[in-house]
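Okay, everyone, thanks for coming.

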Amino acid sequence: MKGLYCKSAVSDAEPKFVIQETTLPDALINHQVRVQVKACGLSPLDLKLLSDVGDQRDLIPVGREVAGVILQVGPKVTSFHPEDEVVGILPLDAPCSGLCDIIDIDEHYLVQKPEKLSSVCVAAALRDGLCAYTALHTHARMAAGQTVLVMDGASPFGLMCVQLAGYHGAKVLTTSHSPDTHAFLEQLRPSVGECVIVCEARVIPVYTGSDMLPLVLEETGGLGVDIVVDSGVRLQEENDRETDEDKLLPHKHDIISALGVGGHWVTSHQDLQLDPPDCRLLHLKSASISFLNPEVWTASSAQQGRYLHILKDIVEKMSAGVLRPQPQEALPLYEATVAMETVQRRMKQKAVIQL
C-alpha cells in the first residue's frame, strides 16, 4: 500500500513530498489496533520541532489526523472492537502515513467517532479543535463571563476558538483579515432551536487599517480582555520585507496593552521575544503568557487520560453542532502531494484527503 512521506530537506531547501510504498507487520502487539482509514487531514509539518525532538528519519510520515474503521484489535485492547468507527491523531513518531489505506495505531490515541459525524469533517477539524481546547481550557482556564480576544477568527483554528468561547459564555472579540472573512464572522449568530455558536462576537476589521487596541479598550470599558489567543505576532514595527498577511498580525506590544489585570496571553509564536518594557508591562498587570504546542499531548503520556477526554469532548461538540468548522472539499489520494505542498507553503491552511 502507498502513503505520503516528506523527504528531509537539505539546508533551507523546501521539503519534498513523495508517495512511498509501505507494509504492515503480520500481527498486532498489545494495545495496537488496525484501522482502515476513511479520511486524513493535512496540516503543515513543523520540521524544526521534529528535529528538536530527535526525529532524524529520512522519510517522515505525512498526514496524522485520521478517521476510519477498526478492522482488527491486539491481544490487550479493551476500548474498541472490530467495525468501531474511530478518530484520532497519530503521534509524532508514527511509522505509517495517515494516508495509507490501513494503519496500525495504539488504542490510547483514538476515541469513538459519533455516527452522524462525517469522517471528512472530523479529520479536517480535529487538530484545530484540539488547539482551541488546549489554548482556552488547559492554558487560559476560561470561565463564563470573561472577555476573550481571538486573532483572525475566520481561520480554522480561530473559528474553533470563537465558537468554543461563545459556547462557554464568554464575551468574544475577534479580528477579520478581509471583507469576506468579516462578513462570515458577522453572520455567526445563534439560531432558534440550534446550539449557540457564538455570543454576539464583536468583529474588528484590521484589513481596513483599523487600530485594534483602541477598539478593544472601548469594548471593555478600558479594562482590557481576560484572554488573548493569537495566530502569529509581529515582533518589530512594519518593514518593507513584510507580506500583506504579516502586516495584519498584531504587534506584541498591542497584545500586552490589550490584556486586563491578571490576563492571559496564549501565543502560537515559537520565537517570541519580549523586551524589558514589555516584561515590565506584563508585571504591572500581573499577566501571564503561555505557548501553544498541541504536540505535547502525543509526545508525552503524562496526561493521556486528559488528552482522550479532550478528544472525546471535541468530537461530541462537533456532532452536536456546537463546533462547526468551515466545510473542506475532500480531495482524492492522487492529489495529496500537490495539496500537501500547498499547505506546507501556507498558501492553504488546511486540506483533507478522502480514501
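Let's start with Cys161, which counts as buried because its relative accessibility is 0%. Before I go on, bear in mind that this is a predicted model.

So where is the closest cysteine sulfur to that of Cys161? It sits in Cys131, 8.2 Å away, and that's too far for a bond. Cys131 is buried as well, at 10% relative accessibility. A disulfide here would need the two sulfur atoms within 2.5 Å, and the disulfide count comes to zero.

Okay, on to helix α5, which covers residues 212-219. Which of its residues are buried? Met212, Leu213, Leu215 and Val216 are. Those residues span an arc of only 165° around the axis, so they're on the same side of α5. As a reminder, an α-helix has 3.6 residues a turn, so residues three or four places apart point the same way.

And what covers those buried residues of α5? The cover includes strands β9 (147-150), β10 (171-176), β11 (202-205) and β12 (225-229), along with helix α7 (252-258). After α5 comes Gly221, with a positive phi near 65°.

If you zoom in on β1, residues 2-7, you'll see it pairing with β4 in the antiparallel sense over three bridges. Take Lys7: its bridge partner in β4 is Leu59.

Last stop, the aromatics. How many aromatic pairs are there? The count comes to one. That's Trp297 with Tyr307: the ring centres are 6.0 Å apart and the planes are at 20°, so we call the pair stacked. Trp297 belongs to helix α9 (residues 296-299) and Tyr307 to helix α10 (residues 304-320), so the pair ties together parts that are ten residues apart in sequence.

Are those two buried or exposed? Trp297 counts as buried at 7% relative accessibility, and Tyr307, at 0%, counts as buried too.

Conventions: Residues are numbered from 1 along each chain as its sequence is written. This is a predicted model: local features need pLDDT of at least 70, side-chain atom pairs count only at pLDDT 80 or more; totals for chains, interfaces and linings use all residues. Side-chain values use heavy atoms; hydrogens and water are left out. Rings of Phe, Tyr and Trp (its six-membered ring) pair if their centres lie within 6.5 Å; planes under 30 degrees apart count as stacked, over 60 as edge-to-face and the rest as tilted. Helices (H or I, at least four residues) and strands (E, at least two) are DSSP runs, numbered from the N terminus. Buried means under 20% relative accessible area, exposed over 50%, partly exposed in between (1.4 Å probe, protein chains only). The arc is that of the directions from the helix axis to the C-beta atoms. Contact means heavy atoms within 4.5 Å. Two strands pair if DSSP finds at least two bridges between them.
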